[in-house]
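Work through the exercises below with the structure in view. Each task is followed by a solution in steps.

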Amino acid sequence: MGTKDRWYENATFYAIDVEAFADGDGDGVGDFEGLTDRLDYLESLGIDCVWLLPFYPSPNRDNGYDVMDYYGVDDRHGTLGDFVEFAREADRRGIRVIVDLVVNHTSDQHPWFRKAREDPDSEYRDYYVWREDLPEDPDPVRGPVFPGEEDSVWSYDEAAEAFYYHRFYHFQPDLNIANPEVREEIRKIMGFWLELGVSGFRVDAATLMIDNKGGLESTRLDDPHGVLRDMRHFVERRGDDAILFAEADDAPEHLGDYFGSTTGRQPSNAETAAELGEGDEMNVLLNFLLDAYLVLALAEREAGPIRDVLDLLPPRPEGGQWANFLRNYDELNVGRLPEDGQQKVFEAFAPDEDMRIYGRGIRRRLAPMLDGDPDRIRLAYSLLYSLPGTPLLVYGDEIGMGDDLDLPGRTAVRTPMQWSGERNAGFSTADSGELVRPVVSGGEYGYETVNVAAQRGDPDSLLQWFSRLNRLRGECPEIGTGDCEVLDVDDPAVFAHRMVSDHGRVVAVHNLDDRPTEATLDLVAEPDRLLGEAAFEQVRPDSGGTAVADGNGDADGSGAAGADAGAWRFELDRYGFCWVRVEQHV
Ligand code: NOJ
């Protein structure tokens, strides 16, 4: 994929669960008809790419991540024809679509599994992972992903008279990726959706997919990352500029490996991106590590954790990109933070046991975590959008939707989109008892108060702010591909950094605390405001042609030798922030 085709490096992603977004046929369940009707909204919100959570035929016991047919649309959401109409209309508006590729496992209702369990001689038997007996010592590294909901990764199947392996729920048997037939099926599935015009796949559970499933000899892959490399080659062959956007929640030292590298160096060992050449595995990785540390920074009201995570993240090869998010559609997983950091996050944002899940996560949306404070919510997203990578929102973030802790588990954050103050939040015309999930009603986050219609006409609303932010982010390719440099400031509550590329340089400064403060930065040119209301003024004039030395011989270390616009003081209100552009080359 050539440089010009790397659209994802500078795109805003927006995750949609079709069943909870908009109901077009009034049966209480969201569908493609409803989603297509809302494309004008998405266009005006300024997002570039929609990530559709699974919409395939499914018993729907894990929000569609239990797929029983990879080639269709679940009846509840419409037909394949409705999908094609949607994809075409999205394309007409310049909005790309990526779809979830859930091939670590299938539903136990998938015909492959049914045949596999019923007939030991079936060609599908070896599509899954079997054992005659339970292992004597359960593998501590390969325990259930949802502790408390599953006790074991092995379940007994009466018909098969054997145990099958499942890292997730017992109704999601793991596919045996070591079987070449399974890998061929995966290629066929990708080929199908690429023909229908998708711009790529969100690869579910990429880490577990290439794991040595069950620790068995028969499932050991000689070259685990070769599976991902092969998928990438296939997508490039068939998909023009389509991408793989992966859920790879791995330890920092392994994380970079999912990008791959054309020079043979592994990102985990390389010092710089240049040593890696082009990435040859996943184009984009969901940045779970950044999420956890960012939330810790918000909890501590200090910038330290952001500096820490930028050091922890591996270098990206050319064309490798992070998808940065604050909340996704699962629990907010803080399991990779040091123990005391986890406790700080829980105390600050999930003080009640009921707000926590799996011992590692929070089942709340961001707005209630931040007490609905509009300044702090904007601060959090401004910071997110300014960090190296590309941003990802989940539907409803843009209006500050809340959650419903009365709903079980992760469902708390999966309530229907709040379109208006009308019945059922304008999500559906069905009886409220028919809705796929209840809408959040009453109180600070109820649809009567928080909804698209109310915010659309209000220039000061969060929705309008996000529309501006999304467009602004598109104008700042430095953030997508540039080098990030953290700037020194006196106040530990302030995070200041600069993103520099051939395009120019963006400097951003954020105050994570609720007390006003200031930060003084040396700049190489007069700043132009891009975002935020912080006042700024020059407090030391330029040196009259002699660059201010900061160790690199350049003012603010920007690489612009000789350029100096003196020092500038930024007055930051509570949770104040500011982005400026200093010297644009094109
Ligand atoms: C990751 C998805 O994000 C999650 O919602 C799902 O339960 C698991 N994969 C299993 O597919």
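Buried means under 20% relative accessible area, exposed means over 50%, and partly exposed lies in between, with a 1.4 Å probe and protein chains only. The model is predicted, so local features need pLDDT of at least 70 and side-chain atom pairs count only at pLDDT 80 or more, while totals for chains, interfaces and linings use all residues. Residues are numbered from 1 along each chain as its sequence is written, and side-chain values use heavy atoms, with hydrogens and water left out.

**Exercise 1.** Find how many disulfides there are, taking a disulfide as a pair of cysteine sulfur atoms within 2.5 Å.

Solution. Step one: the count by this rule is zero. Step three: Cys578 is in no disulfide either, and the nearest cysteine sulfur, in Cys476, is 12 Å from its own.

**Exercise 2.** State whether Cys578 is buried or exposed.

Solution. The relative accessible area of Cys578 is 0%, so Cys578 is buried. Cys484, at 30%, is partly exposed.

**Exercise 3.** Describe the polar contacts of the ligand, meaning pairs of N or O atoms within 3.5 Å.

Solution. Step one: a polar side-chain atom of Asp330 is 2.5 Å from a ligand oxygen. Step two: for His105, a side-chain N or O atom is 3.0 Å from an oxygen of the ligand. Step three: Arg410 also places a polar side-chain atom 3.0 Å from a ligand oxygen.

Key: Polar contact = N/O pair within 3.5 Å; in protein donor to acceptor, adjacent residues only side chain to side chain.
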